[in-house]
Amino acid sequence: SAGPWSWREGGNYPPLHTTVDTRMLILEEANVSSLQQVWRALSIKAVEQRLRLALSRFGLSTTRSTVEDALVDLVIAVEALFGTGATTEITHRVSLNAALFVESPELSRSEVRQFFREVYRIRSAIVHGDRIKPVQLKTRGTMSPDSVAKQLTALMKAALRKAISELHSGNKLDWDALLDSFLDGVPSAK
């Protein structure tokens, strides 16, 4: 209840169980059909089941008051989307799946993989109370936690859109098949 809080020392605090978000979304007519298409895709059971946690945590990340909390939510979304259910080598598996799935004009596949590995390192530092070290990427240079969160948000937004589209089209998000497909296109060393 917010009652006791509003009377203490003249403060006017929101209830502890709510999130205050003052941003306003203005939807332009050109974006309505795109939004309707995504909404219809999300109503398909296979899409909903696979992406429920990823979409939920992605959405929560935008409401967090600290970049650290936002990063933790984003990494949960990453793991929900790119995880395989395995409990070992999570960083390796998730960063590999992300590198194969995420398309970025700014980052190569190897840089996407390195970025996601660094994201996991930051998440680990946050949840264990360690000092967060900046991320070093060849093409991006030194990235602060804030710039990492912005980059991760952009990559996850694109990945979630692609995942929704794939699932809506009846395709499965089969990370082993994606890896096999990628490896089929790589010339073998002789």
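**Close-up views of a predicted model**

Ala98 sits in helix H5. This is a predicted model, where local features need pLDDT of at least 70, side-chain atom pairs count only at pLDDT 80 or more, and totals for chains, interfaces and linings use all residues. Residues are numbered from 1 along each chain as its sequence is written, and side-chain values use heavy atoms, with hydrogens and water left out.

**View 1. Ala98 and its contacts.** Ala98 is buried, with a relative accessible area of 0% (buried means under 20% relative accessible area, with a 1.4 Å probe and protein chains only). Setting aside neighbours within four places in sequence, Ala98 touches Phe82, Val112 and Phe116; contact here means heavy atoms within 4.5 Å. Phe115 lies 17 residues away from Ala98 along the chain, with 9.7 Å between the two C-alpha atoms.

**View 2. Ala99, also in H5.** Helix H5 holds Ala99 as well, and this residue is buried at a relative accessible area of 5%. With neighbours within four places in sequence left out, Ala99 has Arg109, Val112 and Arg113 as its contacts. From Ala99 to Phe115 is 16 residues in sequence and 9.2 Å in space, C-alpha to C-alpha.

**View 3. Where H4 meets H5.** The axes of H4 and H5 (residues 90-101) come within 9 Å and cross at roughly 75 degrees; axes are lines fitted to C-alpha atoms, for helices over the stretch in contact, and angles run from 0 to 180 degrees between N-to-C directions. The two helices, H4 and H5, are therefore roughly perpendicular, a label that covers 65 to 115 degrees. On the H4 side we have Val78, Glu79 and Phe82, and they meet Ile90, Val94, Asn97, Ala98 and Phe101 of H5. The residues of this contact split into six nonpolar, one polar and one charged (Ala, Val, Leu, Ile, Met, Phe, Trp, Tyr, Cys and Pro count as nonpolar, Asp, Glu, Lys and Arg as charged, and the others, Gly among them, as polar).

**View 4. The second largest pocket.** This pocket has a volume of about 160 Å³. On a 1 Å grid over the protein atoms alone, a pocket is an open set of points where a 1.4 Å probe fits, with protein on both sides within 12 Å along at least five of seven lines, and lining residues have an atom within 4 Å of a point. The volume is the space filled by probe spheres set on the points, which are joined across faces, edges and corners. H4 (67-82) and H7 (145-168) each give at least two lining residues, and H7 has the largest share, with four. Among the lining residues are Arg64, Val67, Leu74, Asp146 and Lys150. By type, the lining comes to four nonpolar, five polar and three charged residues.

**View 5. The whole fold.** Zooming out, the protein has eight helices and two strands (DSSP runs numbered from the N terminus, helices being H or I of at least four residues and strands E of at least two). The elements run α-α-α-α-α-α-β-β-α-α from the N terminus on.

Conventions
Parallel < 35°, antiparallel > 145°, perpendicular 65-115°, else oblique. Buried < 20%, exposed > 50% of the residue type's maximum accessible area, 1.4 Å probe, protein only.
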